[in-house]
Amino acid sequence: MPATAPLKIVAVAAGLSSPSSTRLLADRLAEAAREELAAGQDRGVEVQVVELRDLAVDIANHLVTGFPPAGLKKALDAVTGADGLIAVTPVFTASYSGLFKSFFDLIDNTALTGKPVVIAATGGTPRHSLVLEHALRPLFAYLRAVVLPTSVYAASEDWGSHGDEYTEGLPSRIRRAGRELASAVTGRTVSGATRALTLDDGEDAVVPFAQQLADLRIS
């Protein structure tokens with residue numbers, strides 16, 4: 001890829017309603033990543049949101065026929081060709097939605113190898129937040145993507161919340177996830193620390209993210 005080519009961030013939103021809190025969360029995560037990328041390097045940044053609600057019939061047809069219509073193929077190509085991916089689903093029956101799973105069932109299990117992914121979900125109650133760990137993280141591990149440490153769950157009560165002295169609010173979690181995705185896409189070290197490395201740390205303190213991917217990749 002030419003050095004001047006823009007970095008591509010694709011967000012997949014599986015919300016069914018319009019307007020959708022799932023789409024809103026996808027937009028905010030994509031914007032957080034875009035802001036971090038724009039501030040951290042000189043290349044352009046392209047952001048695309050794939051809304052699965054508009055592709056539901058095409059997804060069903062592809063599952064039956066094995067041939068994706070043009071709009072669905074464009075969405076699949078965008079996801080597999082992205083430099084960084086954001087995947088957001090509403091919680092249905094304590095798991096990801098059927099539409100979300102059906103879309104990712106259409107992607108070859110090696111097509112996302114090494115791709116950094118932020119996983120996120122929306123739901124009516126905080127009690128379903130573990131869906132990120134017991135459903136989404138294993139799904140993308142199977143697809144050989146690199147799931148970033150910060151996942152974002154937004155319950156109805158989280159919108160407008162700024163957290164307290166013990167917990168981070170939703171805006172803070174979104175910014176942290178965006179920062180991790182930007183770091184992964186550009187090859188900067190992902191760390192929970194906010195301190196910048198200095199010469200006192202020594203050259204061994206900086207581990208290229210590509211090496212981290214190699215260490216974590218599933219063979």
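What is the relative accessibility of Arg23, and how does Arg23 count at that value? Please go on to the salt bridges around this residue.

Analyst: This is a predicted model, in which local features need pLDDT of at least 70 and side-chain atom pairs count only at pLDDT 80 or more, while totals for chains, interfaces and linings use all residues. Residues are numbered from 1 along each chain as its sequence is written, and side-chain values use heavy atoms, with hydrogens and water left out.

Arg23 has a relative accessibility of 27% and counts as partly exposed. Buried means under 20% relative accessible area, exposed means over 50%, and partly exposed lies in between (1.4 Å probe, protein chains only).

A salt bridge here is a side-chain nitrogen of Lys or Arg within 4 Å of a carboxyl oxygen of Asp or Glu. By this rule the count comes to eight. In one of them, the side chain of Arg23 meets that of Asp27, with 2.9 Å from N to O. Both residues belong to helix α1 (residues 21–40), where they lie four residues apart, about one turn of the helix. Helices (H or I, at least four residues) and strands (E, at least two) are DSSP runs, numbered from the N terminus. Asp27 is also partly exposed, with a relative accessible area of 29%.

Arg23 has a salt bridge with Glu51 as well, at 2.7 Å from N to O. This pair links distant parts of the chain, since Arg23 is in helix α1 and Glu51 is in strand β2 (residues 45–51), 28 residues apart. Glu51 counts as buried, at 17% relative accessibility.

Another salt bridge joins Asp105 and Lys101, whose closest N and O atoms are 2.6 Å apart. These two residues are separated by about one helical turn, because they are four residues apart in helix α4 (residues 98–105). Asp105 is partly exposed at 44% relative accessibility, and Lys101 is partly exposed at 26%.

Strand β5 (residues 116–123) gives a further example of burial. Eight of its eight residues are buried, so β5 is largely enclosed by the rest of the structure. In a regular strand the side chains alternate between the two faces of the sheet. Both faces of β5 are covered: Pro116, Val118, Ala120 and Thr122 are buried on one side, and Val117, Ile119, Ala121 and Gly123 on the other.
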